[in-house]
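Here's a quick tour for anyone meeting this structure for the first time. We'll begin with its pockets and then step back to the whole chain.

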Amino acid sequence: MNRDRALVAAQFALLAVILAGGQRGRGRPRLVQMTGSVLSAGGLGLLVWSGRTLGRNLTPLPTPVAGGSLVQRGPYRHVRHPIYTALLLLAGGWTVARGGWTSAAGTLLLAGLLRHKARIEDAALAGRHPDHAAYRARTGAFLPRHGRR
């Protein structure tokens, strides 16, 4: 469990670095700033939708809640980790809109961390839910798989 908490702490630390590293969009074309804002807004919408869909199964830890179910509806019908996708959209959108090497580096590190968390989560879910293997075969981790339905 300490590993899980360390991963969550690292995730929030990287999000703080990303937010602090933005340069307020100085000198960035308006279209670039707006594109970043649209990405972030999409990430926020996906984050809310995913959290609401998970309901009582929601946890920041990569270890699923005890007695939880394998959710395969809503955004989980298309990807296994839409909250992670949402966080990357938020961070990437912020970086595009605001600029800054620190935010860009933080976003790349966040992507790696979330990929690691997703592997841990998939392994834990596979151990608890026999139908996870089929679910994993037909859905991507962060992006939908096309042509595999």
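## What counts as a pocket

A pocket here is an open set of grid points with protein on both sides within 12 Å along at least five of seven lines. Keep in mind that this is a predicted model.

## The largest pocket

The largest pocket takes up a volume of about 500 Å³. Its lining is made of 31 residues, and Leu54, Thr59, Tyr76, Ile83 and Glu121 are the ones nearest the centre. Helices H1 (2–21), H3 (82–98), H4 (101–128) and H5 (132–138) each give two or more residues to that lining.

What is the lining like by class? There are 18 nonpolar, nine polar and four charged residues.

## The second largest pocket

Next comes a pocket with about 160 Å³ of space. It is lined by 13 residues, with Leu19, Ser40, Leu90, Ala91 and Trp94 nearest its centre. H1, H2 (30–54) and H3 each supply at least two of the lining residues, and H3 gives the most, with seven. By class, this lining splits into eight nonpolar, four polar and one charged.

## The chain as a whole

The C-alpha trace spans about 50 × 40 × 25 Å along its principal axes.

Buried residues make up 42% of the 149. The accessible surface comes to about 8400 Å², and 63% of it belongs to carbon and sulfur atoms.

How values were computed. Residues are numbered from 1 along each chain as its sequence is written. This is a predicted model: local features need pLDDT of at least 70, side-chain atom pairs count only at pLDDT 80 or more; totals for chains, interfaces and linings use all residues. Side-chain values use heavy atoms; hydrogens and water are left out. On a 1 Å grid over the protein atoms alone, a cavity is a set of points where a 1.4 Å probe fits but cannot get out, and a pocket is an open set with protein on both sides within 12 Å along at least five of seven lines; lining residues have an atom within 4 Å of a point. Grid points are joined across faces, edges and corners, and a volume is the space filled by probe spheres set on the points. Helices (H or I, at least four residues) and strands (E, at least two) are DSSP runs, numbered from the N terminus. Ala, Val, Leu, Ile, Met, Phe, Trp, Tyr, Cys and Pro count as nonpolar, Asp, Glu, Lys and Arg as charged, and the others, Gly among them, as polar. Buried means under 20% relative accessible area, exposed over 50%, partly exposed in between (1.4 Å probe, protein chains only). Accessible areas come from the Shrake-Rupley method with a 1.4 Å probe; for residues, only the protein chains shown count as cover.
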